[in-house]
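Keep the structure in view as you read.

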Amino acid sequence: MDREALAVARLDRVIWAIIALVAAAVIAASMASNFQLAWDTFAPPSLACSILIAGGSFYSRWRTDPRLASALFSTAQLIAFAAVGAPLSYIAASANLPLHDSALAAADRALGLDWKALLAWMNAAPVIYGVLRPIYLSLTLQMTIVVLCLAFAGRILWLRTYMLAFCFAVLVCIAVSVVLPAAGAWPYFGITEQESAILPAVSTSWPVFYGLRDGSFRLLVAVGSEGIITFPSLHAALAVIVTAALWPVRWLRWLVLFLNAAMLAATPIDGSHYFTDVFAGVGLAVLSLLLAHAVAARVISASRVQAGQIASAPLAS
């Protein structure tokens with residue numbers, strides 16, 4: 001096994017270990033509390049992952065194609081982590097610590113930023129909002145495209161670094177949301193239908209968020225889960241991570257930069273985020289990319305040493 005293949009195998013084990021630990025935490029929480037797992041919502045991602053892993057195993061062991069195998073394995077990791085990460089965020093929200101919306105809104109004011117003014121501008125520019133909204137909703141598609149583009153471009157190690165950055169961003173975001181929960185700008189400012197023609201994409205998450213806090217919602221779901229974290233903005237973090245991941249692909253970098261700059265612009269309104277949330281999300285992305293790079297570098301270095309030892313080992317007589 002060459003150095004790259006050995007490093008890829010090790011990084012895959014790290015990623016799957018993270019997924020397994022999160023899944024174990026979700027199951028343990030459901031057993032130790034009044035949360036219930038909606039098993040039917042885990043069936044589609046489980047089936048998809050099983051098929052993808054089987055395909056990845058076929059193309060890594062029997063009909064060797066490292067690029068196709070990487071595309072299949074990493075897509076399975078993306079689906080699996082999303083499926084267990086979402087219920088973990090629900091468990092975090094149930095801690096029901098005091099909300100910090102007033103502090104976040106105050107931070108915006110201290111920076112001279114006016115969320116209501118942005119909403120008024122969006123209401124006055126429905127064409128621009130109509131362009132920004134589908135871009136805001138494109139994150140899942142973009143994340144999948146990253147996997148496929150990096151895999152088929154042969155950037156297999158960078159693909160695993162991207163997956164690690166995704167995992168770290170989600171986990172740190174969930175951890176922060178436990179101690180700094182917030183409902184979001186729309187509920188905090190109490191915007192009514194009379195005040196705005198816009199209904200944000202995240203409006204369906206508010207009943208779930210409040211239900212998790214008051215104990216009336218206790219269902220852990222994979223497919224159909226809602227994004228309930230306000231600070232930091234995970235959308236903003238992933239927009240930066242996706243851009244960084246595809247930056248080495250020259251024919252895509254400027255398109256992705258434009259799309260995700262637009263996504264950041266859409267995030268305060270469609271994501272019900274304070275500007276402070278978005279800035280924190282960008283910082284979270286940088287932290288996650290640095291952590292992922294450090295872990296990947298360490299694994300790659302160890303793999304080079306092991307591959308050298310294997311290459312220098314005497315042949316068995």
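In this predicted model, start with helix H3, residues 66-93, and helix H7, residues 139-152. Their axes come within 8 Å and cross at roughly 160 degrees. Angles over 145 degrees count as roughly antiparallel, so H3 and H7 are roughly antiparallel to each other. The crossing of H3 past H7 is right-handed.

Which residues of H3 and H7 make the contact? H3 brings Arg67, Leu68, Ser70, Ala71, Ser74, Thr75 and Leu78. H7 brings Met143, Thr144, Val147, Leu148, Ala151 and Phe152. Sorted by class, this contact of H3 with H7 holds 8 nonpolar, 4 polar and 1 charged residues.

Now turn to another pair. Helix H5 spans residues 115-124, and helix H12 spans residues 250-270. They pack at an angle of about 105 degrees, and their axes lie 10 Å apart. An angle from 65 to 115 degrees counts as roughly perpendicular, so that is how H5 and H12 are arranged. On the H5 side, Trp115, Leu118, Leu119 and Met122 make the contact. The contact of H5 with H12 has 7 nonpolar residues, no polar and no charged.

Last comes helix H11, residues 234-246. Its 13 residues reach 18 Å from first C-alpha to last, close to the 18 Å expected at 1.5 Å a residue. Is H11 largely enclosed or open? Of its 13 residues, 11 are buried, so H11 is largely enclosed by the rest of the structure. Among the buried residues are His235, Leu238, Val240, Ile241, Thr243 and Leu246.

Technical notes. Residues are numbered from 1 along each chain as its sequence is written. This is a predicted model: local features need pLDDT of at least 70, side-chain atom pairs count only at pLDDT 80 or more; totals for chains, interfaces and linings use all residues. Side-chain values use heavy atoms; hydrogens and water are left out. Axes are lines fitted to C-alpha atoms, for helices over the stretch in contact, and angles run from 0 to 180 degrees between N-to-C directions. Helices (H or I, at least four residues) and strands (E, at least two) are DSSP runs, numbered from the N terminus. Angles under 35 degrees count as roughly parallel, over 145 as roughly antiparallel, 65 to 115 as roughly perpendicular and the rest as oblique. Contact means heavy atoms within 4.5 Å. Ala, Val, Leu, Ile, Met, Phe, Trp, Tyr, Cys and Pro count as nonpolar, Asp, Glu, Lys and Arg as charged, and the others, Gly among them, as polar. A crossing is left-handed if the near helix is turned anticlockwise from the far one by less than a right angle, and right-handed if clockwise. The expected span of a helix is 1.5 Å times one less than its number of residues. Buried means under 20% relative accessible area, exposed over 50%, partly exposed in between (1.4 Å probe, protein chains only).
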